[in-house]
Amino acid sequence: MTEREIFLAALEMGTPEERAVYLEEACGRDVTFRRKVEELLKEHFSNDSLLAGSALEGARIAAESSVAETPAQLLGHYKLLEKIGEGGFGEVWMAEQREPVRRRVALKIIKLGMDSRQIVARFEAERQALAMMDHANIAKIFDADDREAAPSRGSDALRLACARANCSCEPCERRPRPQACREARENACALGG
Amino acid sequence: MSDVTQLLNAIEAGEPKAAGQLLPLVYEELRKLAAVRMANEKMGQTLQPTALVHEAWLKIAGTGDGSFANRRHFFKAAATAMQQILIDNARRKQRLKHGANQVGDELHESRIAISTPSEELLAVNDALASLALEDPQAAEVVQMRYFVGMTVPEIAAALNLAPRTVDRHWAFARAWLKRTIRKSLSGPVGSV
């Protein structure tokens, strides 16, 4: 008999004792063979998650607004989804933040070459203005440290983050709160508080 | 879809190259169906690949060419296509983990966010190749159950088997794969 046949027959047995008796008979003296079948049975009865069901349980396919062939782009922890604005400073994109938490953000990407101090000042003003607003669709702006930030509304919240491509984060190092530049090594620096 | 039907008939007739030609067509069909679904669904909704595969099959069966033989070939191709998508995705994730952060293009397959770790997917994929040599039908069942998420009754219908038989295939294949994976993890050259 093959190990498959013995394995399946052993599963028909009601109790572990009956199973052991059956294995004794079926495997005979072949200790190695018996051990192999016992391993199969052990794996069958173990309750771990490996191959418990479909790999897709909990699968989620993130939709993109443009379903066509446009490839998505990664910028540090952010996955750019759709451009939603443009100006002299650069561009604003809807993006999906991946780490440390998954959520939608609005990402402002600043053109290279702009004066960093000016940018910081402008963002600071913007942040303060937003902080004063109390609108259903605008989340409260918290500290720039992502771990502490908690959007007031689940996935609908927008958080103003600033990502300057290839920035060296000079302005952030001079800021009193170093955590503002937690993501500096990922070429994106989240300002905002 | 008539291309697919022609190929299915060709596979059944035993033409050697037909299966290889079928796979990209089925893959493309699944992708298009997924795109249509995504356009109509809210962001982040769960997409059930098994529903996609069935939908694709209905399009063919609707033309009256839904013979049992064709159905089996189709579902096998669809399961293989899903397997490829998931494995490509897992390999990409592994590269990102071990290599530098890449700013660049991501293929559409990477939109699939699965909670199953990529290491597990890759390990199962490798072990499954070995199982297919020993027990091809059990390996087919795993493909459909694990990579597409088809239920036992659905697999039974697709492969024209009794559900009890599918249960047995799955029980054996599962145990066999787990034993193989554990051995490769604890072995001296445990490259998974």
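Of the 193 residues of chain A, 27% count as buried, a residue being buried if 20 or more other C-beta atoms, placed from the backbone, lie within 10 Å of its own. This is a predicted model, in which local features need pLDDT of at least 70 and side-chain atom pairs count only at pLDDT 80 or more, whereas totals for chains, interfaces and linings use all residues. Residues are numbered from 1 along each chain as its sequence is written, and chains are lettered from A in the order in which they are written.

Chain A comprises five helices and six strands, where helices (H or I, at least four residues) and strands (E, at least two) are DSSP runs numbered from the N terminus. Along the sequence their pattern is α-α-α-β-β-β-β-β-α-β-α.

The pLDDT, the predictor's confidence in each residue from 0 to 100, averages 64 in chain A, and 48% of the residues score at least 70. Over residues 135-193 of chain A the pLDDT is below 50.

A nonpolar core is a set of buried Ala, Val, Leu, Ile, Met, Phe, Trp, Tyr and Cys residues joined through C-beta atoms within 7 Å. The largest has 57 residues, and those with the most contacts inside it are Ala78(B), Ala173(B) and Leu177(B); contact means C-beta atoms, placed from the backbone, within 7 Å. Helix 4 (residues 68-98) of chain B supplies the largest share of this core, ten residues. Apart from it lies another core, of seven residues, including Trp93(A) and Leu107(A).

Technical notes: A residue is buried if 20 or more other C-beta atoms lie within 10 Å of its own, exposed if 12 or fewer, and partly exposed in between; C-beta atoms are placed from the backbone. Two residues are in contact if their C-beta atoms, placed from the backbone, lie within 7 Å.
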